[in-house]
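Welcome! Have a look at the sequence and the 3D view below, and then let us walk through them together.

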Amino acid sequence: MSNEWQAVHDVIRSGQRIVFFGGAGTSTESGIPDFRSANGIFAWKDMEFTPEQMLSRSFFDRYPALFYQFYVTKMLYPNAEPNLAHVALAKLEERGQLLAVITQNIDGLHQRAGSKRVLELHGSVQRNYCMNCNQFYTLEELLALSHVSSLDNTQEKLRTESAADGQGEIPYCRQCNGVIKPDVVLYEESLNMDTLEQAVRAIEQADVLIVGGTSLTVQPAASLVQYYKGDRLIVINKSTTSLDRSAAYTVNDSIAAVLGQLVTV
Ligand SMILES: [Zn+2]
């Protein structure tokens with residue numbers, strides 16, 4: 001093991017109020033790619049859309065069938081399993097060393113690994129609500145109601161023709177027939193203020209702050225880190241980030257590899 005990794009492991013082992021702030025890189029080893037890395041323009045009728053447009057609130061309201069085609073085939077990975085990063089963080093919490101996991105991911109894998117205090121800045125695909133009566137639906141129920149039979153995340157093109165055919169992909173509420181919306185923060189929507197405040201409070205109380213698997217280009221990630229008052233900021237990311245120079249420890253490597261070794265040795 002390199003000296004760099006050893007130093008980071010020592011700091012984490014000595015932490016009493018660790019906070020982990022993670023992004024897409026935390027889940028890549030679970031087979032969930034960063035959707036920002038997916039390029040391509042999606043054409044439908046005579047219009048073209050970027051992934052950011054298709055994941056916006058106005059798109060959801062205007063083209064719910066097309067939204068659900070993109071969402072179900074590109075954003076959902078119901079068979080993904082937690083990786084060593086998720087497992088290591090759950091163990092640190094179990095040992096009483098970790099205050100909170102703050103995540104930009106929407107996959108729910110931290111909870112699957114056993115983490116209890118997870119602050120999901122962008123919501124979760126695991127929770128879905130009727131926009132009319134607020135009835136709750138699990139991801140499995142949503143998938144059953146959306147009638148999308150094949151979950152082929154490798155497909156290159158959307159099956160736009162069936163979306164154009166009608167309403168087949170829109171999941172409707174079993175109680176009132178209202179449209180069901182995933183509890184994820186779409187573009188044009190604001191973050192949940194309560195979650196954001198809890199994240200700020202956790203970071204303020206942290207003795208060790210680990211920022212992992214995020215390039216910190218998406219707000220509020222960069223600004224949240226400014227609430228950290230300690231001197232043990234650890235940045236673990238495959239590529240360099242804007243925080244690298246202010247961090248006490250920087251490891252340009254996979255978050256699952258670095259944290260995984262912490263619990264397996
Ligand atoms: Zn309803």
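## The largest nonpolar core

The largest nonpolar core has 27 residues, and those touching the most other members are Phe59, Phe67, Tyr68, Tyr71, Met75, Leu76 and Val125. A nonpolar core here is a set of buried Ala, Val, Leu, Ile, Met, Phe, Trp, Tyr and Cys residues joined through side-chain atoms within 4.5 Å. Buried means under 20% relative accessible area, exposed means over 50%, and partly exposed is in between (1.4 Å probe, protein chains only). At least two residues of this core come from each of helix H3 (57-62), helix H4 (64-75), strand E6 (123-130), helix H7 (139-146) and strand E8 (180-184). The largest share, 7 residues, is supplied by H4. Helices (H or I, at least four residues) and strands (E, at least two) are DSSP runs, numbered from the N terminus.

Before going further, please note that this is a predicted model: local features need pLDDT of at least 70, side-chain atom pairs count only at pLDDT 80 or more, and totals for chains, interfaces and linings use all residues. Residues are numbered from 1 along each chain as its sequence is written, and side-chain values use heavy atoms, with hydrogens and water left out.

Which residues does Met75 touch, not counting residues up to four places away in sequence? They are Phe35, Leu55, Phe70 and Ile106, where contact means heavy atoms within 4.5 Å. There is also a second, separate core of 24 residues, with Val11, Ile18, Phe20 and Leu98 among them. In soluble globular proteins, nonpolar side chains tend to be buried together.

## Aromatic rings

The structure holds 9 aromatic pairs. Rings of Phe, Tyr and Trp (its six-membered ring) pair if their centres lie within 6.5 Å; planes under 30 degrees apart count as stacked, over 60 as edge-to-face and the rest as tilted. The ring centres of Phe67 and Tyr68 are 5.3 Å apart and their planes are at 85°, so this pair is edge-to-face. Phe67 and Tyr68 are both buried.

Tyr68 and Tyr71 also form an edge-to-face pair, because their ring centres are 6.0 Å apart and their planes are at 90°. These two tyrosines, Tyr68 and Tyr71, are 3 residues apart in helix H4, so about one helical turn separates them. Both Tyr68 and Tyr71 are buried. Ring pairs join Phe60, Phe67, Tyr68 and Tyr71 into a cluster.

## The zinc site

Which atoms coordinate the zinc ion? They are the SG atoms of Cys130, Cys133, Cys173 and Cys176, at 2.3 Å. Donors are N, O and S atoms within 2.8 Å of the metal (3.2 Å for Na, K and Ca); water is not among the atoms, so sites may look incomplete. Along the sequence, the donor residues follow the spacing C-x2-C-x39-C-x2-C. Cys133 lies in the loop between E6 and strand E7 (136-137), and Cys176 in the loop between helix H8 (160-165) and E8, so the pair ties together parts that are 43 residues apart in sequence.

The UniProt record (unreviewed entry) lists Cys130, Cys133, Cys173 and Cys176 for "binding site"; such annotations may be inferred rather than shown by experiment. The listed residues span 47 residues in sequence, yet no two of their C-alpha atoms are more than 8.5 Å apart, so they gather at one spot. Cys130 is found in strand E6 and is buried, with a relative accessible area of 2%. Cys133 is partly exposed at 38% relative accessibility, and Cys176 is partly exposed at 30%.

Where does the UniProt record (unreviewed entry) place the feature "active site"? That record places it at His122. His122 sits in the loop between strand E5 (118-120) and E6 and is buried, with a relative accessible area of 13%. Leaving out residues up to four places away in sequence, His122 touches Thr103, Gln104, Ile106, Asp183, Val184, Val185 and Leu191.

Thr26 is found in the loop between strand E1 (18-22) and strand E2 (42-44). Thr26 is buried, with a relative accessible area of 1%. Leaving aside neighbours within four places in sequence, the contacts of Thr26 include Phe20, Asn83, His110 and Ile255.
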